[in-house]
Amino acid sequence: MNILILGIGNILFQDEGIGAHFVHYIDEKYEFESNEHSVSIVDGGTLAQRLIPLIVNFDYVFVVDCVDALNSKAGDVYFFDFENAPDEINWQGSAHEVEMLQTLNMIEMNGDLPTTKVIGVIPKRIADDTTFELSDEIITAVDTMEHTIVKELEKLDIKVSKRKPDITITEIAQISYKREILNDSRI
Amino acid sequence: MILEYKFEYISNNNTLINFFANIAKKEDINVKLTKSNNEINFYVEGDEDQLLSFSDKLSIDLPVSMFLKNTSVDVAQEIPTNSTELDIKKEYNLSFCPTCMNEVDNKNSNNYYNPFTTCEMCTDTSNIKELIITQNGNTEHTKKYEEVFEKLANDINDGLKVKIKTLSGVFVFEKIDNLKEQNEQKDVNLLCLNLINISNVLVAKKSEVVALASIEKPELELRINEVYKYKNIIKTDIVNVRYLNDLILFLLSKHLIAHGIDFLSYSKDGSFDISADFEGFDESEKIDIPKIKVLDNDRVVVLDSNNYENKLTTLYEKFDEESQKQSIVLLGENDLFKKKILNFFNSSKYDDNIVLYSNDLGGFLDILKYTVPNSMQELFDEISDDETGGKLLINFKKHFPECYKNALKFDTSVLTKNSLLSLWKIVSAVLDFEDDVISLASACMLEKGPRIDYKLLEQEEIYNKTFNLVKFIKSGISFKLAGVENSTISLGYIESYTHFVANIIDEVNEEVVLDGVSLSGDIFSHDIISTLLHKSITKNYKIFYNKDFPIQITK
C-alpha cells in the first residue's frame, strides 16, 4: 500500500502553515520501515487542486491541515475520516488560500479518492506580521498530532523509529520553506 | 558481415555523414545510412579484415562533434531497405580535422608544418601560398613556417603582441600575463592552447572541454578558478574561451606550449608589434566561431552561430514576433509541424510568449502573457487593493522604509513589456536585491527555495491567460518580512517559476494532449533555470530545443 502524509497550509500566515511545518517535522524526526508499504511525505503548501494528480496515486492519505470547529479553542486537534467528518468541523474556516476540502471533494466525485484521514488543528489567529513563529497553543497541539500519526502508521504495519528525537516544531518552522523532504513522493 | 554504427547526433548538419563518407571512400568500403531526427545509423558491409581496418580508421579520422551524444556499434543481420547511399554535401567551413592535424604534425609528410594544406578528409582546399610577416616596417614573404612559428612564439613569450590573420578573422594575440597591467577588463577572450591544463585557469566540466575540442571549435563562457583569480591577472569572473581552430594557431601553439604558455588572450583589434598575414583567402571560406553553452545535463545550446540550414532563415522571417519566429524555427528543426507542442519563449531582450502550436488550431495560440505595470506606484496601489495586501505593504514600509522608497523610484517604462525577466527586475527593485534574481539564485547554496506565487487570474479558457503580478510580488515581500535572505528568495522565484511552467504544461495537456514542449530564448540557457525545469517537467513530456539554430537571435 502506498501511504501519503500531506501537509497543507500557508507558512506565511503563522499557525495557518502548521500542516506544512508538521510534515517537515515528522519527516525530520522519524524513519519509516515496511516491507509491504511505502510512506511518502509531501508539503502541499497552497497547491490545492494541483495536488490532485499526486493524491490519486496513493492508496491511503493523511491530510494535515487547519480546521475550524464549533465550541473549539486554539490548539484543539481533530482526527477523522474525510468521508465521515464530524458535523462541528468547518474546513472552510481557515483563512489561507487552500481549497483543500474542495480539492478532495473533486477527487471523490471522480471516484478516485483514496482512503483519506484528516488531522485537523485549530489555529490561534492570523497576525499581521509575517513570521514563521507558531503560537504556544499550536506548539502544544503538535504532541497530540504527532502521537496520532505515529499510532495510525503503526496500525498500518509501518515501523516508526526516531531518527532525530530532539528536533522541535519551532526549529522546523524556521526552515521548512527551504527544506527538502527526505521521504518525498515514492511513486 | 554487416556492422551497424549508431550515432545520436543532435544536429541536422551533414558533418558526421561527410566524414563517414570520406573515410568509407578512402577505405573503399560500401556504407549506407538511415537517418531519423536525432539518430543516424550507418551500415557497413565487408569481410572481417575490411571491417576491422574501417573501424580503426574511424577511430582515428572521425572528429569529435559537440552535437554527438552517444555512439554504439552492433552486428546487423541485414541493411534496412529504407537505407540510402552516403551523399557528401559541403555545408560549412570547419576547423582542421584529425587527418590534417596529423599531416602537418608528421615529419615524414610533404605537408609538415604547412598551415595551408589541402585535406581530402575535411574537404578543405587552400589557395594560400605563404605567410607575410611584418615587423618594424619590414615585410617578409615566407614559407619557412617552422621558423616563423618559433619566432612568433618567442616574441609572444617576450610580451609582444602579434596580430595574426586566421581562418576565422584577424586577432591580436598576447600572453595573458599582459592583462595584469589592464585595470579595466571587459570581455576577456582566451584562446586555450592546451586543454590538458585548462583547469589551471578555468573551471570547466568534462563536457565543456569536449565541446571546446570538437570539430566545431565553439566559444564558451567559463569561470576563472579561485586560485588563478588570486593572482589578480584576470579581474573578471567570466571569460570567453575557445580552442585552436585553424592550423596556423595549432602550429604556433606547439612552440608556445614549449614555453609553458597554455593560454593566449586575444582581441579583434588594438595595437600590435608584429603581424602575420596571408593572401588568396576567400571570405566565403571563413570558419564561423559558434558561441555555445553546455547545460548541466550536457545538452549543447547554440547561443550564436551562422551554421544552420538556409531554410531556417526563411521560416524565421515568416513571422513578426520574435517569440513566434523562434518557435517556428524550432518546430522546423525538430520536424514537429504535425505535432502539438507547447512553446515557451523566455528572453532577456524580446517579449516572452507561451504559445500552443497545433495544425488543428491553424498555427499558434497564445496561452499567457505577462504585463509590466506602468509604474511602481500603480503596482503598490494594486497590492493595497485588498485588506491583507494593504497590511502587508504597511508592514513592509515599517520594516524596510528605504527599500520601499527606492522601489518607488524604479522606472518600469524602460522594461520589456511582456517579459518574465522584467517582472524579476521589479522583484529585485522592490526587495532591494544586491544583484539580479538569476545571479542571486545561481549563487544560492540551498537545494530549495520558498514557494512564490506564480498564479493566473481566474479564467475558464486555457488561452490568453493573465498573470497575477500582485500575488507574485506579495509572496516575495512576505518572505522578506519573515527574514528570509535575498538569495534564498531569489531561488524561490526561479524554482517556483519552473513549477509554474510544469503546471501550465499539465493544464494545457488536459485540454489538448501534447506531443512535447519546446524551450527557446536565452533565459533557458541559464543552468539554474534549465536544471530546475528539467526536474519539474515530468518525464511524460519530451522537451525540444533548437538544434543548429541559436536559442535566440542576437541582432
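This is a predicted model: local features need pLDDT of at least 70, side-chain atom pairs count only at pLDDT 80 or more; totals for chains, interfaces and linings use all residues.
Residues are numbered from 1 along each chain as its sequence is written, and chains are lettered from A and ligands numbered from 1 in the order in which they are written.

Let me begin with chain B, whose secondary structure comes to 17 helices and 23 strands, these being DSSP runs numbered from the N terminus, with helices (H or I) of at least four residues and strands (E) of at least two. Its radius of gyration, taken over C-alpha atoms, is 27 Å, close to the 24 Å that the globule rule (2.2 Å times the number of residues to the power 0.38) gives for 555 residues, so chain B is as compact as a globular protein of that length. The C-alpha trace of chain B spans about 85 × 65 × 40 Å along its principal axes. An automatic or database domain assignment divides chain B into domain 1 (2-85), domain 2 (98-285) and domain 3 (370-513), and the centres of domain 1 and domain 3 of chain B, taken over C-alpha atoms, are separated by 51 Å.

Turning to where the chains meet, 12 residues of chain A are in contact with 14 residues of chain B, contact meaning that the C-beta atoms of two residues, placed from the backbone, lie within 7 Å.

Leaving aside neighbours within four places in sequence, A:V64 is in contact with residues including A:I5, A:F22, A:I119 and A:M145.

Finally, which residues other than glycine have a positive phi? B:Y113, in the loop between α3 (98-105) and β6 (131-135) of chain B, has a phi near 65°, and B:N136, in the loop between β6 and β7 (138-142) of chain B, has one of about 50°. B:Y113 counts as buried, with 20 C-beta neighbours inside 10 Å, whereas B:N136 is exposed, with 6 other C-beta atoms within 10 Å; the cut-offs are 20 or more for buried, 12 or fewer for exposed, and partly exposed in between, with C-beta atoms placed from the backbone.
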